[in-house]
Every structure is written in C-alpha cells, then in structure tokens.
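Let's take a friendly walk through a protein model together. Have the sequence and the 3D view open as you read.

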Amino acid sequence: MRAVWLKEFGGPEVLVAGDAPDPVAGAGQALIEVAFANITFIETQLRAGAAGPFKVELPMILGNGVGGVITAVGAGADEGLAGKRVVSATGGSGGYAERAAVDAGGVIEVPDGMELDIAVALMADGRTATSLVRAAAVRGGDRVLVEAAAGGVGTLLVQLAKSAGARVVAAAGGARKTEVARGLGADVVIDYRQPGWAERVRETVGGVDVVFDGVGGAIGRSAFESLDRGGRMLSYGLASGKWADISEEDAVQRGVTLVRPPASPEEMRAFTLSALAEAAGGRLRPVIGQRFPLERAAEAHAAIQSRATVGKTLLEVR
C-alpha cells in the first residue's frame, strides 16, 4: 500500500511517500480502507522531534485519526462491522496510509447521511471542543474568549459557546481568520497580531468569564489577564510553541480557576459521539479549510506550520 514515512526528524520535507506492508487485522482489530486522514498540530511537532514527552521510534508512519470503510475484522471482533463507515484513532501511528488496522472496540460508526470527511474533521477536534465547553460549564450570558478561533478546535468552540448562549469574542491572527470566526457567529472578532488586542477585549466586553487558550505563550498570558474574578481558563493548544506561563498561584491571586477537562477514554468517546450528533442535527459544522492528497502530506505540514491554514486540514487518501 501507499503511505507517508517519517524516517528522520526535521522540516516538512522529511515526510516522504512510499510503499509499506499491508496491515492485517489481528485479534480484536478491524482493517479500515482509509478515505481521509486527520492531521493535528502535535503531529507537526512529532515530525520535527519537538513533541516533549511523546516518544517516537523511527521509521514510522504518522497519523492518529482516520475515516473509511471496514473491509475485514480479526478474531474476536464483531463481524457485523465489515462494510461499516467509521472513524477511529489508530493508537498513535499509521494514519497517513491507504489502510490501517485499529482496535475494533474503539471504532465509531459515522451517522447516516454524514460525509466521511466531516466525521474525520470532527473526530479529534469535536471531542476536544465538546470536552472544553462542558468542563468550563459555559452558560447563557458568559463572555467567552476563544483564541485561535479560526483553527480546527477554535471554530467549533465558537459555535458551541454560542449555542450555550455565551457572548463570544474570537481572537485570531489576521483579517482572513477573524472573518472566518465572524462567519461562525462570533459577536466580536479581534486580531491578536495587533498591539493592544487584550485591552480591546476589555474595552469591548469589560473582561471575560471564560478563556479557551489555544495559543499559549504571551497571547495566552494576555488572555488570562482579561479574566474577571470567578473566571475560568482552559488551555488546549500551544500554537505559539509553548504553554502560557501561568501558575496555580497566579490563578489564586486573580481569583480565577485553571480548569482541566476530563480525559478518560470513555469520556473522550462520549464527547466524539456528542460532536457527531450535533453535526448530524445541523447544529455544528467543522470548517475544512485545506485538503491535500496523501502524497502531499509534507505540503500539508508546511501549511500548518506557517499558520496559513484555517479550520481543519485533511489528507485525502481515496
């Protein structure tokens, strides 16, 4: 089969398409004929060898999320899964390929009428956004600041927070990205590349009750300082390359809470199912901003790394 190999750490160019052995569904596994592969920011860091605690053994095939049709199941797996359209995690690797063997117990069937690309775009980002909004207990009247509001998770956070009745301030880098957030229903859009952006947040809404920090670094710190007493901050990404420098002591002094969402496998599955159900009901829409053929995975990584992307980036395998 065709796959994209990572044989050495480095820039996007180290991702090289080539042949790989066909996987086989082992005991308790299902074999997926992959149609779309999810790309996440953390995978660009794994490729660069800068993913902190994550251990990577080379050579490997990146990719932890796929969507496609199950063509075979191994011993002990539900034979009724054959022919089903599903999304699934791969266990950490093997997603940038034409086929993937996954844990049969972990696959999630795609709702009838939903396109596979939509389901793949929601699989990881949808569960993340859902878990964040629920952990923050967003309610009507809350003033919610979403950083990286034009990203895969951010675009979903804007929609979910609006659905909960919040007033949403969407912060993103550049006019193109702020307009994406505005189109999703954000009440206020702010370009955090502009000096004094955090002061403008306060001028506009008088402080915020919830911050969803997808950038980290100085931007995350400035967003933290926009919180009113009793506010909640949840960090889900580090587009800046590092987490915001915020301690529990800082939070106590400001009278705010650093919230960490639940993350058990059972809860994550439930959040994914919830996101898919919201999309199937027309209440949630992932923004798929870029699509690349499998062989051009390096270009996809370069686009994400340069911050030229909006919404979700997918690899089209079939």
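Predicted model: local features only at pLDDT ≥ 70, side-chain atom pairs only at ≥ 80, totals over all residues.

Residues are numbered from 1 along each chain as its sequence is written, and side-chain values use heavy atoms, leaving out hydrogens and water.

**Two helix pairs**

Helices (H or I, at least four residues) and strands (E, at least two) are DSSP runs, numbered from the N terminus. Start with helix α2 (residues 116–136) and helix α8 (residues 265–280), which pack at an angle of about 110° with axes 7 Å apart. Axes here are lines fitted to C-alpha atoms, for helices over the stretch in contact, and angles between N-to-C directions run from 0 to 180 degrees. The pair α2 and α8 is therefore roughly perpendicular; that word covers 65 to 115 degrees, while angles under 35 count as roughly parallel, over 145 as roughly antiparallel and the rest as oblique.

Residues of α2, including L122, M123 and R127, meet residues of α8, among them M268, F271 and L276. Contact means heavy atoms within 4.5 Å. The residues of this α2 and α8 contact divide into eight nonpolar, five polar and two charged. In this scheme Ala, Val, Leu, Ile, Met, Phe, Trp, Tyr, Cys and Pro are nonpolar, Asp, Glu, Lys and Arg are charged, and the others, Gly among them, are polar.

Next come α1 and α9, which also pack at about 110°, with axes 10 Å apart. On the α1 side the contact is made by F41, E43, T44 and R47, and on the α9 side by H301, I304 and Q305. By class, the contact of α1 with α9 has two nonpolar, three polar and two charged residues.

Helix α1 (residues 41–48) has E43, T44, Q45, L46 and R47 as its buried residues. Buried means under 20% relative accessible area, exposed over 50%, and partly exposed in between (1.4 Å probe, protein chains only). The buried residues of α1 pack against β1 (2–6), β2 (15–19), β3 (29–38) and α9 (297–305).

**A pocket**

Which residues lie nearest the centre of the second largest pocket? They are A89, G106, R127, P265 and M268, out of 18 lining residues. On a 1 Å grid over the protein atoms alone, a pocket is an open set of points with protein on both sides within 12 Å along at least five of seven lines, and lining residues have an atom within 4 Å of a point. Helix α8 gives the most to this lining, with four residues. The lining of the second largest pocket has eight nonpolar, seven polar and three charged residues.

Most residues other than glycine have a negative phi, and most peptide bonds are trans.

| Residue | Phi | Relative accessibility |
|---|---|---|
| A137 | about 55° | 41%, partly exposed |
| R307 | near 60° | 42%, partly exposed |

A137 is in the loop between α2 and β8 (143–146), and R307 is in the loop between α9 and β15 (312–316). A cis peptide bond, with omega about -5°, joins L58 and P59. P59 sits in the loop between α1 and β4 (65–73).

Note on methods: 1 Å grid on protein atoms, 1.4 Å probe; cavity = no way out; pocket = protein on both sides within 12 Å on 5 of 7 lines; lining within 4 Å.
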